[in-house]
Amino acid sequence: MNYLAHHAVARRKSPEADPLFFVGNLLPDLLALEERARLRAVHLPAPTETESPLIAGMRLHFAADRQFHAAPIFHSLCREAAERLRRTGFPTPLRRTFFLAHVLTEIALDGSLLRESPALADDLYDRLSDVDRVRVERELAPILPVSPLSPVSGSVSAILDRFVGYGWLRTYGSYPGQAAALRRIWQRAGLPGLRDPADLALLTDVLEEFAPRIRAATPELLGAEGGPD
């Protein structure tokens, strides 16, 4: 769920690219968030020299994820986050602690990037807002693993509208904002705990204590997520 990290990598790779490139770079996570489709690298067409920016963006996303999630620094940070969570006395004991640690590490990375570059989230939302929605729908339709999407609640245009309209990535610059995002993901997964104010306060403390470690590791993490040149 590290949307801002993916966007930072995409900007570094092709800062002046068509907005379709940046939409493609976010779509695998956006569609998974909406539970409408699970785009995988195997769904993409074979590479061509003249492929669409949308497909190129998705290809970058998958390449970045492969490198990022295989990087030793990421696994080390997840273990550290899990230990911090286990040492914290949440009122309702956590289950699937390592899952929470994994997501916490990704959101903490986004928060670190946003504190360093406060305009990063706005830049992402601006590029998503500027995209040709008709072209997105047309180019995505042949490769979606489910068909058809609901024309009202599940269209890609509707998903982009909701994502931009909510604007919740802007809250990642604060530790309470990161904690609230983690709680939303936790509740969406149907897991117990992280529901009362005490939980949120404790989770906020964990994120604040973890922040210097993430900040120090950010260059290595982004290097891992850089994708192929």
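This passage walks through the fold of one protein and then looks at a few of its helices and residues.

The model is a predicted one, so local features need pLDDT of at least 70, side-chain atom pairs count only at pLDDT 80 or more, and totals for chains, interfaces and linings use all residues. Residues are numbered from 1 along each chain as its sequence is written, and side-chain values use heavy atoms, with hydrogens and water left out.

Let's start with the overall layout. The protein has 10 helices and 0 strands, where helices (H or I, at least four residues) and strands (E, at least two) are DSSP runs numbered from the N terminus. Read along the sequence, that gives the pattern α-α-α-α-α-α-α-α-α-α. A compact globule of 229 residues would have a radius of gyration near 17 Å, and the protein's 18 Å agrees with that. This radius is taken over C-alpha atoms, and the globule rule is 2.2 Å times the number of residues to the power 0.38. Along the principal axes, the C-alpha atoms fill a box of roughly 50 × 40 × 30 Å.

What about the inside and the outside? Buried residues make up 52% of the 229 residues; here buried means under 20% relative accessible area, exposed means over 50%, and partly exposed is in between (1.4 Å probe, protein chains only). The accessible surface comes to about 10400 Å², and 54% of it belongs to carbon and sulfur atoms. Such areas come from the Shrake-Rupley method with a 1.4 Å probe, and for residues only the protein chains shown count as cover. Among contacts (heavy atoms within 4.5 Å) between residues at least 6 apart in sequence, 78% join residues at least 24 apart. As for charge, the mean positions of the 27 positive and 29 negative charges are 5 Å apart.

Now for helix 4, which has 16 residues. It reaches 23 Å from its first C-alpha to its last, close to the 22 Å expected at 1.5 Å a residue; the expected span is 1.5 Å times one less than the number of residues. Its buried residues include Ile73, Phe74, Leu77 and Cys78, along with Ala81, Ala82 and Leu85. The loop between helix 4 (72-87) and helix 5 (97-116) holds Arg96. Phi of Arg96 is near 50 degrees, a positive value in a residue other than glycine.

Thr97 has its place in helix 5. With a relative accessible area of 13%, Thr97 is buried. Leaving aside residues up to four places away in sequence, Thr97 touches Ala82, Leu85 and Arg86. Glu106 also sits in helix 5, and Glu106 is buried too, at a relative accessible area of 4%.

His69 itself lies in helix 3 (residues 53-70) and counts as partly exposed, at 26% relative accessibility. The C-alpha atoms of His69 and Arg162, 93 residues apart along the chain, are separated by 28 Å.

Finally, helix 6 (residues 120-129) has 7 of its 10 residues buried, so it is largely enclosed by the rest of the structure. Those buried residues are Leu120, Ala121, Asp123, Leu124, Tyr125, Arg127 and Leu128.

Conventions. Lys and Arg count as positive and Asp and Glu as negative; His and the chain ends are not counted. The place of a charge is taken as NZ of Lys, CZ of Arg, CG of Asp or CD of Glu.
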